[in-house]
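Dear colleague,

Please find below the structure that I am handing over to you.

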Amino acid sequence: MDENRDLLKEKYARGKQLGTEVNESREKIKSLTNKIEQIRKENAMRGNVDSNGEIIQTPEELNLQSQISQLKIMYQNQYQELKELKGEIERITNLLERCRQ
């Protein structure tokens with residue numbers, strides 16, 4: 001029972017850490033998306049458009065899009081691990097409750 005309690009504490013600690021990481025990843029994605037929008041607005045105002053009227057992508061914008069793609073993969077992995085961890089925490093909690101009865 002003490003082993004399960006210790007394991008539960010470890011899982012909670014990892015859950016808090018993952019929750020923080022997930023939130024940080026989401027905030028970074030939002031921040032980079034806002035930067036891309038700002039770059040696009042600036043380029044549109046400068047008249048940086050191609051013959052079809054599309055805003056020309058700058059190397060900076062492409063770099064930010066690449067960073068967003070990497071962050072999205074990291075976010076999805078972290079979120080999936082957090083989801084699995086929640087299931088483990090529930091299982092251990094139920095086990096501990098049954099042991100108490």
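**Nonpolar cores**

The largest nonpolar core consists of eight residues: Leu8, Leu18, Val22, Leu82, Leu85, Ile89, Ile92 and Leu96. A nonpolar core here is a set of buried Ala, Val, Leu, Ile, Met, Phe, Trp, Tyr and Cys residues joined through side-chain atoms within 4.5 Å; buried means under 20% relative accessible area, exposed over 50%, and partly exposed in between, with a 1.4 Å probe and protein chains only. Helices α1 and α2 each supply at least two residues of this core, and α2 gives the most, with five residues. Apart from this core lies another, of seven residues, among them Ile29, Ile39, Leu64 and Ile68.

The model is predicted: local features need pLDDT of at least 70, side-chain atom pairs count only at pLDDT 80 or more, and totals for chains, interfaces and linings use all residues. Residues are numbered from 1 along each chain as its sequence is written, and side-chain values use heavy atoms, with hydrogens and water left out.

**Overall form**

The secondary structure comes to two helices and zero strands, where helices (H or I, at least four residues) and strands (E, at least two) are DSSP runs numbered from the N terminus. Along its principal axes, the C-alpha trace spans about 75 × 20 × 15 Å. The radius of gyration is 22 Å, whereas a compact globule of 101 residues would have one near 13 Å; this radius is taken over C-alpha atoms, and the globule rule is 2.2 Å times the number of residues to the power 0.38. Of the 101 residues, 22% are buried. Among contacts (heavy atoms within 4.5 Å) between residues at least 6 apart in sequence, 75% join residues at least 24 apart.

**Helix α2**

At 1.5 Å a residue, the 42 residues of α2 should span 62 Å, and the end C-alpha atoms are 61 Å apart, which agrees; the expected span is 1.5 Å times one less than the number of residues. The buried residues of α2 are Glu61, Leu64, Ile68, Leu71, Gln78, Leu82, Leu85, Ile89, Ile92 and Leu96, and they pack against α1. Leaving aside neighbours within four places in sequence, isoleucine 89 is in contact with Leu8, Lys11 and Tyr12.

The structure holds one aromatic pair. The ring centres of tyrosine 75 and tyrosine 79 are 6.1 Å apart and the planes lie at 20°, so the pair is stacked. Rings of Phe, Tyr and Trp (its six-membered ring) pair if their centres lie within 6.5 Å; planes under 30 degrees apart count as stacked, over 60 as edge-to-face and the rest as tilted. Tyrosine 75 is partly exposed at 22% relative accessible area, and tyrosine 79 is partly exposed at 42%.

**The loop and its surroundings**

Glutamine 57 sits in the loop between α1 (2-46) and α2 and is partly exposed, at 40% relative accessibility. Beyond its neighbours within four places in sequence, glutamine 57 contacts Arg40, Leu62 and Gln65. Leucine 62, in helix α2, is partly exposed at 44%. Asparagine 43, by contrast, belongs to helix α1 and is buried, at 3% relative accessibility. With neighbours within four places set aside, asparagine 43 is in contact with Asn48, Ile55, Ile56 and Thr58.

Yours sincerely
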